[in-house]
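Please read it alongside the sequence and the coordinates shown here.

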Amino acid sequence: MNDFKELMKGTRKHLMTGVSYMIPIVVAGGILLAISVLLSGHSAVPKTGPWAPLATIGSTGLGLMVPVLSAYIAFSIADRSGIAPGLITGLISVNIGAGFIGGLVSGWLSGLVVHYLKKIKVTKNLKSVMPILVIPLVSTLIVGLVMILVIGNPIASFMKFMTSWLNSMSSGNIVVLGLILGAMIAFDMGGPLNKVAFSFGVAMVGTIGKGGVPSHSSLLMMAGIGVAIGVPPLAMGVATLLAPKKFTTEEKESGKVALILGLVGITEGAIPFAAADPLRIIPSNCIGSAIGAATAMWLGAGNPAPWGGWIVAFTASRPWAYLVGSLVGIAVTATLTIVLKKDITQHKPAVKQEAEEIDLDNLDLSVMQ
């Protein structure tokens with residue numbers, strides 16, 4: 001129990017280690033994806049044309065974000081033995097739609113399982129194969145099954161329920177719906193709640209109303225969603241500029257990238273901040289995005305493009321309303337973030353080494369035969 005308490009005390013360090021390794025992935029993949037969207041001239045990721053390869057590279061990079069986060073949280077807890085299960089189960093988190101919150105869970109579980117597997121006393125013959133065969137195999141199997149069976153199935157059911165619930169609310173109070181959609185978009189930034197809200201908005205825009213065009217309420221909803229998509233990364237970028245003492249050097253650099261990603265509608269730019277400090281950043285994101293989305297919808301902004309961020313503002317009806325809603329949301333989230341976060345002491349995550357290095361060149365594999 002004392003051992004577990006010690007691991008829990010290191011929560012922030014483990015999260016920051018995962019974030020530190022994830023940030024270069026966000027920078028490389030996010031900027032390339034943002035450039036492809038900007039140069040394509042369309043409010044969406046280009047699927048064809050000269051900028052599609054750039055978009056593929058960027059999307060692939062961002063796709064690695066959660067697996068890398070998971071892998072290096074596990075690494076911080078259990079050293080190098082945690083990387084393989086953390087990476088594999090982090091990718092499972094992406095595939096089952098659990099998003100970065102699922103990646104936090106998979107990283108923690110992988111690290112804990114490996115940590116305790118390494119404590120098992122084995123014979124001398126087994127000792128050499130534990131770190132390269134037994135530990136990665138068993139830990140990946142255990143955590144992988146937990147992610148798929150315990151987390152994956154409930155997420156799928158929950159997404160169906162939320163979609164039905166949003167459909168039942170679509171004719172209700174537009175401001176209340178805006179608050180709900182905005183909070184859902186910001187909560188997990190690519191996870192199940194985000195996907196449900198975004199897919200709902202896109203489906204509503206695709207619904208043909210009178211005269212062969214989407215209904216006004218559908219465009220209002222997509223405007224709220226578009227605003228909410230941009231608020232978290234833009235607000236994080238603004239917060240790093242206004243209160244630099246609250247963020248690490250890496251986060252301040254990530255804040256510059258987040259500004260670019262927010263402008264072109266890539267919510268994932270805020271994930272490094274939410275992963276490093278979820279209890280403060282996630283509520284701040286949700287509140288600001290909810291208020292921003294509701295404000296834009298209340299002012300009558302309409303968004304015909306199935307995308308978000310400022311890149312769609314001037315394709316929207318009442319672009320001023322869209323931008324006002326976005327600015328209100330950014331101001332709320334940035335203010336809450338600055339108020340809630342404490343000044344930090346700069347430190348680099350410790351890169352720990354295995355207590356016993358494995359010489360793969362001279363490894364005796366006869367015990368495996």
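In this predicted model, helix α9 passes helix α11 in a right-handed crossing.

**The pairing of α9 and α11**
- Two packed helices are described by the angle between their axes and by the distance between the axes.
- Helix α9, residues 174-188, packs against helix α11, residues 216-242, at an angle of about 35 degrees, and their axes are 9 Å apart.
- On the α9 side the contact is made by Ile174, Leu177, Leu181, Gly182, Ile185 and Ala186, which meet Leu220, Met221, Ile225, Ala228, Ile229 and Pro232 of α11.
- Sorted by class, this contact of α9 with α11 holds 11 nonpolar residues and one polar residue, with no charged residues.

**Helix α14**
- The 21 residues of α14, residues 278-298, should span 30 Å at 1.5 Å a residue, and because the C-alpha atoms at its ends are 29 Å apart, the computed span agrees with that expectation.
- After α14 comes Gly300, which has a positive phi, near 90 degrees.

**The largest pocket**
- The largest pocket holds about 760 Å³ of space.
- It is lined by 26 residues, of which Leu62, Gly190, Asn194, Lys195 and Glu268 are the closest to its centre.
- Two or more lining residues come from each of the elements α3 (52-63), α4 (65-78), α6 (99-117) and α10 (192-205).
- By class, the lining of the largest pocket comprises 14 nonpolar, eight polar and four charged residues.

Notes: Residues numbered from 1 in each chain as written. Predicted model: local features only at pLDDT ≥ 70, side-chain atom pairs only at ≥ 80, totals over all residues. Heavy atoms only, no water. 1 Å grid on protein atoms, 1.4 Å probe; cavity = no way out; pocket = protein on both sides within 12 Å on 5 of 7 lines; lining within 4 Å. Points joined across faces, edges and corners; volume = space filled by probe spheres on them. Helix = DSSP H or I, 4+ residues; strand = E, 2+ residues; numbered from the N terminus. Nonpolar A, V, L, I, M, F, W, Y, C, P; charged D, E, K, R; others polar. Expected span 1.5 Å × (residues − 1). Axes fitted to C-alpha atoms, helices over the stretch in contact; angles between N-to-C directions. Left-handed = near helix turned anticlockwise from the far one by under 90°. Contact = heavy atoms within 4.5 Å.
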